[in-house]
Amino acid sequence: MAHHRARTYRRNSALLTPDFTRRDLEYATTPEALSRGQEPAPHVEDVDWDEYSLWGGLPGEEIGLGELLVHYAGRRLTGECPCPDGSATELCAHMTALAWAVLGDDTALVDRLTTLPHADLVALAVDVAGRSALARQVIWTRLAR
Ligand SMILES: [Zn+2]
């Protein structure tokens with residue numbers, strides 16, 4: 001993991017989007033940690049990422065920048081955290097907080113999408129289908145019902 005730490009301070013979040021989803025997060029943690037991570041998510045500071053990892057700090061939990069990481073390059077999300085749960089197989093609540101801070105909260109997404117004009121929503125769905133084979137399949141499956 002040492003090379004991850006060495007790379008973590010290169011700020012390039014404007015250049016790429018971390019390639020992981022809410023479903024990846026659900027697979028990598030417990031329902032309890034998934035839920036417990038939502039409250040501190042807005043308090044994660046200095047959130048940034050590169051092509052391998054996300055990082056941030058949770059000063060309220062005395063977790064400094066560089067101590068809290070989630071690695072998303074592998075098949076399953078893994079992470080680093082100094083807390084007692086930090087070495088468990090499943091992501092701890094602090095790691096899920098960091099992941100939530102990057103993913104954003106679905107409630108906020110629902111609120112924004114609800115205000116979008118229908119034509120814009122259609123254009124958005126077509127755009128997403130054009131970017132991802134899985135998204136295209138999910139959309140067509142939903143439309144077939
Ligand atoms: Zn932790």
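Modeller: Axes are lines fitted to C-alpha atoms, for helices over the stretch in contact, and angles run from 0 to 180 degrees between N-to-C directions. Helices are DSSP runs of H or I with at least four residues, numbered from the N terminus. The model is predicted: local features need pLDDT of at least 70, side-chain atom pairs count only at pLDDT 80 or more, and totals for chains, interfaces and linings use all residues. Residues are numbered from 1 along each chain as its sequence is written.

Helix H6 spans residues 118–131 and helix H7 residues 133–143. Their axes lie 5 Å apart, and the packing angle is about 130°. H6 and H7 are therefore oblique to each other; angles under 35 degrees count as roughly parallel, over 145 as roughly antiparallel, 65 to 115 as roughly perpendicular and the rest as oblique.

On the H6 side, Ala125, Val128, Ala129 and Arg131 meet Ala135, Arg136 and Ile139 of H7. Two residues are in contact if their C-beta atoms, placed from the backbone, lie within 7 Å. This contact of H6 with H7 comprises five nonpolar, two charged and no polar residues. Ala, Val, Leu, Ile, Met, Phe, Trp, Tyr, Cys and Pro count as nonpolar, Asp, Glu, Lys and Arg as charged, and the others, Gly among them, as polar.

H6 itself has 14 residues and reaches 20 Å from its first C-alpha to its last, close to the 20 Å expected at 1.5 Å a residue (1.5 Å times one less than the number of residues).

Note on methods
Helices (H or I, at least four residues) and strands (E, at least two) are DSSP runs, numbered from the N terminus.
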